[in-house]
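Me: Please take a close look at a single part of this structure. Then carry on from there to the rest, in short sentences.

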Amino acid sequence: MPPDDTENPMANRESTPTDGLALTAAELVETYPSSRYGGQDRERFTLPAESASHVPAREVLPSELAAKLAVDPWSHQADALEALSAGENVCVATSTSSGKTYVYGLDIARRFRENPNVRALLVYPTKALSRDQERELNDLFDALGLEVTVGVYDGDTKRQEKVRIREEANVVITNFAGVNQYLEGHHRWADFHANCDLLVIDEAHAWTGISGMHAAWILRRARRLIDWYGGDPQYVLTTATIGNPAEHAEALTGEPATVIDEDGSPSGRRHLVFWDPPADGDGSGSGGGADTGDGDRGGDSAWTPSKRPATVEAPEVWAHCCDRGVPSLLFCDSRKQTELAVGRAREYLEIPSLPSRGGTELAAYNAGHGKQSRRGTENRLKSGDLDGVATTSALEVGIDVGGIDGTVLLGYPGSRQSFWQRIGRSGRDEREALSVFVPSHATLDQYILRHPEYLLEEEPESAVVDLENNPVYLQHLQCAAQELPLRREDADRFGGLDRLERAVEYGRRTGDLEGSLAGGVTYAHRDRPQDEISLYASGGNAFEVRLAGEESIDHQPIGRARAYRDYHEGATVLYRGDQYEVVDLREDRPQPYVELEAVDVDYYTQSQRQTTIYDTEVRESRDVGPFRLNWGYGTVTVHHDTFMKREIGSGDVRAVGLETGVPPLEMRTQLCWAEVPHDVERAVTAAHSDYHNDECEDLPPRLHGYLGGIHAVEHAMIAVAPLELTVDAADLGGLATNRLPDTPGTSGWFIYDGVEGGLGFSRRIYEEYEAVTRRARDLMVDCACGRDEGCPACLMDDRCGNDNRPLYAPAATDVIDALLGDFDVEGSTVLETNEETDGERRPPASIS
Amino acid sequence: MSAEGAELLALRCDAVADLGEPALRDVVDHFDPALVYVVRDASDVRVVSRLRRLFDGPVVSATGPAAVRTETVADVSFLFAGSTALLEDAAETHPNADYVVCDDLEPRTDAVSLDATLAGREAAARYRARANGEPTFLTGALEASYDHVWEATVDGEAVRLPVRGVAPLRRSGGAELAALTCDRAGSVAVSSVPADRFGLQALTGVGPTTAERLRTNGYDTRAAVAEATETALCSIDGIGASTAREIVASARALADSRVVRRTADPVPPASDAATPLFVDIETDGLQPTIIWLIGVYDPERDAYVDFVDTEPTRDDPGAATREFVSWLAAKYETPSLLAWNGHSFDYEHLERFIARDAPEFHEYWREHVSTYDPYDWAVRRDNAVLPGRTNRLEDVAHALGCDRSGAAAALDGKTLAERIRRLLEGSNGPGSGANGGSDAAISPGIDWDAARRYCEADVRELAAVYDAIVAAPPATEEPTEHGANGDRATDDSTTQTGLADF
């Protein structure tokens, strides 16, 4: 879960070293042992310092409060407070550590002075963050001399405490799963709702995709009840920088919000280095393989990346920084990696031929260490006893890390937001900082290495919240009807009258709803429909995630699609940095579940899928160049029938073709697809008819090139989608086919949302098609592998049900060029039309 | 249970598969049906044959030969069809059914496109068009809470198809067996009991494990347990002192049909408080949009008073509430109200309606009216064990010997709520007023008098149950672990709205 700035910009700091940053980017390279240096310094950037922009406190706060505030607020805090005074909703999209908490903290403070019975609901993404925020808000209110009561109300809150908080707390801190439940007992919250002035959604960018649509409906349900009791709250959303803050705020809350993104907080100069692991000539390291999560595919392609893995290189750079007086954090993906990294760094520092200064203290930090040990590490870090800590995402947020000057990233964390969050842990206030990004051999890492402008200049990813999904909509409608009868007046909030009427009729027919919108629609059963909601699944029937034996695991329920894909029997699961193996998947009972067992193995698993698509229904179409592009619904059958095991670190294939034992999953979902014009197909087919892949004996030989091309386009588009949208690529699937279901005389490729009812991702890709295909093209053209058949960092996908065959980049780039208008079919020399490829003689061939 | 109409008990084999012979006999004795129907889903011939041995009335199994069969019980005729295809000819051979039972009838749904249709609708509609009466369709594919009127067109004529489910209700704790009282006019009342409340498991504190322990130690009937001493039960491995106390209390309560107090706490309200008034509200469902009937019984005057809104409209859903509270304020300075499960339902909604529709009385209600909930006191707070298969008021009252008769017996709260809802929808603006005639002909009208008698029966039963609780001798000593299993009694014995404290 992405994090936030929980740092208090106005509190006293631990002392930071008075001397400056020990190594700049240039000095890092200069001091690096020459025996270890092979041109890793691929890119170097200097991000200029920003000075703070303050607004006098008395301009935005009543004088008594302003007098008690030690520091003047930054300009964005002041802007937000002003917008709130004007009755607007605000969405604060500023940098890490820019004091977003103070926006609503101060707003609550000034409201409290007017009305001591004021109430505010704060929704945080995790329980852990809730406790941190409670502390921080209490400190603020104490400093201001206000008796504002703050309470955390969640699954860990004791019953008596709950009563007190409901009745007395001015500020209630909870999470979305909690709100979903508490709404049912709204009469217990009558006073709270009636006086609710502020609804705060922290880390709003985290609510995207499937959990985003749940959050959006939960907020609508909450807002309706608050209205009923006479409350009229304003919204405060805080978010990391995303491409569409205004749109996202409105999608989540259903109301417009003023975006505050002029950051007034200061930052020091930052040196950022892209440190590309060197070619591994001597075969040291772990054998020149790839890192966890990617790797080379076996089979016919004997190509291997001849690089040292980032898992070896990054700990060494980190050790060097720490040794040279740059106290640094190293961010890793798993607990195990943090331990291994510390070991590697120590080995590195002990190599006699390297001029280490000695006395460098390093430690690993992760949730496996237990509270006390972690507190100890935090304190030693703050006091300067430690020079470096290798951590999981656990230190990405919240915890005060003291005077850290450097950050080293082992691999790209998957989103720009998380990248900057991790980078931003070094350099406090206006202190100069050093950050090093060590890319893994993975698609996104390699793309970013070659396109740093993506991080530095371009628009950030857009958060996608889709309210189209009817199965999810129906679930929340049942909850809403159970909470308070649904009426026609609710239509604006619940999808518009037409959709609401259809859904109510649907519910009446299935027996879940009773009544009419004129008189009030109510829920027909005595159970609690809220219990059926899982924020991470669509349409109920979520799988519980259990641990074998007595132990318990705090894992969210998962949807069926994800269970079949990643939680089949035999699958390894990495959860909060720990390894588990799935030992059981059961769904022949009311509560389906998967059971995990903690394991310590040196491999990971990945399932492969077979996909078929039929019953497509076009909802929207547009032309892109000579291509017809469609978006709509279709029935997708996905069968994750086999899985493979790969060695962690090297990525070497240990076993393939293992059976998952899960049945095919059929879903009606949203998808987009491109129809390739016949002349383009003919031209590209002819131009690449020489390409032949021996493994593809099922496919007509002449078509290996062309089919490899559209298959590659489909893979590459999915691979780069996370650069445009906040999407986990695993939630997307694709299929390239010689015969589209509705127009069998035409070839094309699909991209679909891997969840019943859809997620809105394919819809966004439909809208942003040109940009996504352009990125896909860059990915394949720029990849260092230089291979027509691609590599795991560009075209290959471990989930491919066709074993990544055929994939053919030259044909793919031709197809994309034709789509983007850069490929001239007329001008190409291959115009001899081949009648037989048209019409009924077209051979069927689909590859996913 | 005695009532007008035919009692149909519908079972799913998996819901009763775990019941031993005595428990299954207990099921049949309890519901005392005229007819047992075994639905098609999860059918098991062994269960069917056990039922046939136990029950001397007709047992119809949906998986029997694919044929049409009729049964007429208590003057009500049922037509059972193994498939909707068979309904075609049945319209000729058996045109007079009051109820048509066919498990093929079931909604087919597509949640993504929001489409829901009824499988078998055409066949049912053709039967309906050719039949003599206006049959209600019953299906074992749906739960007994299902009640929806489908529409269809036959030869250009619109036909309404009332479809009701009969299968056991799914509950979080397990299935709940349901019996339907079906009268000739198509009116259906549902009563239900959790499937695990029969045999020894009807006793508070006895789950499957304890039941097995009791049986292996020779206690295979509730009567045997009622005669046992706590000490004797304590000597059984796995049964502690407080459980033994609970089991014996419960067995005696059931065996003697009396209340057994488990604590020495006085029954609220305290005797020096104002004389209690027993109240009950009728609404249009579990999340009421209207309170249309409020019944009050004053035991001191032995007088029943009610406030009924015989022309309910959604424009003024609080009319009855307003009348009630103004009467209450005029007549009683500081009344004590008692309602069964009132803390979780009646009071909560009365307060909501008063706040909105009679705000001038809101302060009076909050400051001067005391509210009590004997259900909450007895069951949730573990102060007494009540006789009765469930702790629903009508079950407890029935066990204490209060039986309803006449019109009040053929009604249940949910059915009344459903009728009110349809009435409100029927009066849906001027448009539907025009064809109101046909609507009125089809949707069962409301017999206001019957409804009031139902409500009166309710509050009088409440008074009787309350008296029985007061009359029961207080426990002589505090149970050693009082409160330790405070919530257990509520686990499956109540089906009121969720008790979780959110």
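Reply: The cut-offs: buried means 20 or more other C-beta atoms within 10 Å of a residue's own, exposed means 12 or fewer, partly exposed is in between, and C-beta atoms are placed from the backbone. The model is predicted, so local features need pLDDT of at least 70 and side-chain atom pairs count only at pLDDT 80 or more, while totals for chains, interfaces and linings use all residues. Residues are numbered from 1 along each chain as its sequence is written, with chains lettered from A and ligands numbered from 1 in the order in which they are written.

Asp32(B) is not a glycine, yet its phi is positive, at about 50 degrees. Its place is the loop between helix H2 (21-31) and strand E2 (35-38) of chain B. Helices (H or I, at least four residues) and strands (E, at least two) are DSSP runs, numbered from the N terminus.

Go past E2 and the next loop holds Ala42(B), between E2 and helix H3 (45-54) of chain B. Ala42(B) also has a positive phi without being glycine, near 60 degrees. Ala42(B) counts as partly exposed, because it has 14 C-beta neighbours inside 10 Å.

Another backbone detail of chain B is a cis peptide bond. The bond runs from Pro268(B) to Pro269(B), with omega near 0 degrees. Pro269(B) sits in the loop between strand E15 (260-261) and strand E16 (276-283) of chain B.

Now the whole of chain B. It has 19 helices and 21 strands. Of its 502 residues, 49% are buried. Two residues are in contact if their C-beta atoms, placed from the backbone, lie within 7 Å. Taking contacts in chain B between residues at least 6 apart in sequence, 68% join residues at least 24 apart.

Chain B touches chain A. The contact takes 29 residues from chain B and 38 from chain A. On the chain B side, strand E7 (106-110), helix H11 (346-357) and helix H15 (413-426) each supply at least two residues. That side has 10 nonpolar, 11 polar and 8 charged residues. Nonpolar here means Ala, Val, Leu, Ile, Met, Phe, Trp, Tyr, Cys and Pro; charged means Asp, Glu, Lys and Arg; the others, Gly among them, are polar.

Look at helix H16 (residues 443-450) of chain A. It is largely enclosed by the rest of the structure, because 8 of its 8 residues are buried. Among them are Leu444(A), Tyr447(A) and Arg450(A). The cover includes strand E1 (41-47), strand E9 (270-275) and helix H22 (704-724) of chain A.

E9(A) is itself mostly covered, with 6 of its 6 residues buried. Arg270(A), Leu272(A) and Phe274(A) take one side, and His271(A), Val273(A) and Trp275(A) the other. Two strands pair if DSSP finds at least two bridges between them. E1(A) runs antiparallel to E9(A), joined by 6 bridges. There, Leu47(A) stands opposite Arg270(A). E9(A) also pairs with strand E14 (residues 433-438) of chain A, in the parallel sense, over 5 bridges. His271(A) has Leu434(A) as its bridge partner in E14(A).

Strand E5 (residues 171-174) of chain A is covered too: Val171(A) and Ile173(A) point one way, Val172(A) and Thr174(A) the other, and all are buried. Strand E3 (residues 119-123) of chain A runs parallel to E5(A), with 4 bridges. Strand E4 (residues 150-152) of chain A pairs with E5(A), also in the parallel sense, over 3 bridges. Val152(A) stands opposite Ile173(A).
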